[in-house]
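Please examine the sheet, the helices packed on it and the aromatic side chains in what follows.

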Amino acid sequence: MVHHNEPPDPSASPQDVVSVAVSTNAPAPQSHLDPQTHFRPFRDVDERALIANATRFLGNSGFYWGPLDVAEAHARLASLPIGTFLIRDSVQTDVFFTLSYRSVDGPTSVRVLLRGSGFALDGSKHIFPCLFELLRFYMTSPKKSLKQPYRGSAPQKLQELCRRAVVKTYGKENLEKLPVSTVLKDFLHLYPFSI
């Protein structure tokens, strides 16, 4: 079991993730200066890498609201169009993220569970290896429960809009083939999703 109870570092690369998640039989000593979290320890290195990658991409998505409580999330979504959604931290110790969205009946929140090596909504049988594949599924399913992410009322940066447009046009799998600089490719890989 990996005894690492800090929230994932959004800036950590997958190589960093593996190097810090060392398995031991005894919990790491906690000093009074260590940041405290309500999250449970990770079960293994793969689980930690999955959450670290999701957190890193969410940090660049614009619709991740961090420790937003349910009342505030619902208040933000109440007057928005049906299908508008955001991701926020869960307050439960065994859940990392919660999806809040505006349904026909009003704002609703559902836990995003970590199952095996993937993500699933609470009550759903569908498991996805990536949180963004889960979101895409519910955006494109016949019911289309999710339609658009809520990024707040501030105008989005042109760079962010262009990045999503490039990914939508060429696809995540083709970003390396684009005839652009390494710096631009790195920028595209920070958030390789069109959502």
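A residue is called buried under 20% relative accessible area, exposed over 50%, and partly exposed in between. In this predicted model, tyrosine 64 has a relative accessible area of 23%, so it is partly exposed. Phenylalanine 97, by contrast, is buried, with a relative accessible area of 3%.

The rings of these two residues have their centres 6.1 Å apart and their planes at 85°, so tyrosine 64 and phenylalanine 97 form an edge-to-face pair. The pair links distant parts of the chain, 33 residues apart: tyrosine 64 is in the loop between H2 and H3, and phenylalanine 97 is in strand S2.

Strand S2 belongs to an open sheet of five strands with mixed pairing, in the order S4-S3-S2-S1-S5. Strands S4 (118-121) and S5 (148-149) are the edges, each pairing on one side only. Strand S1 (residues 84-89) runs antiparallel to S2 (residues 97-103), and five bridges join them; phenylalanine 85 has tyrosine 101 in S2 as its bridge partner. Helix H3 (residues 70-77) packs on the sheet, where it touches S1, S2 and S3, and its direction makes about 165° with that of S1. Helix H4 (residues 131-140) lies across S1, S2, S3, S4 and S5, at about 35° to S4.

The aromatic pairs number 12. In one of them, phenylalanine 57 and phenylalanine 132 have ring centres 6.3 Å apart and planes at 80°, so this pair is edge-to-face. Phenylalanine 57 lies in helix H2 and phenylalanine 132 in helix H4, so the pair ties together parts 75 residues apart in sequence. Both phenylalanine 57 and phenylalanine 132 are buried.

How values were computed:
Residues numbered from 1 in each chain as written. Predicted model: local features only at pLDDT ≥ 70, side-chain atom pairs only at ≥ 80, totals over all residues. Heavy atoms only, no water. Pairing = 2+ DSSP bridges. Helix = DSSP H or I, 4+ residues; strand = E, 2+ residues; numbered from the N terminus. Contact = heavy atoms within 4.5 Å. Axes fitted to C-alpha atoms, helices over the stretch in contact; angles between N-to-C directions. Phe/Tyr/Trp six-rings, centres within 6.5 Å; stacked < 30°, edge-to-face > 60°. Buried < 20%, exposed > 50% of the residue type's maximum accessible area, 1.4 Å probe, protein only.
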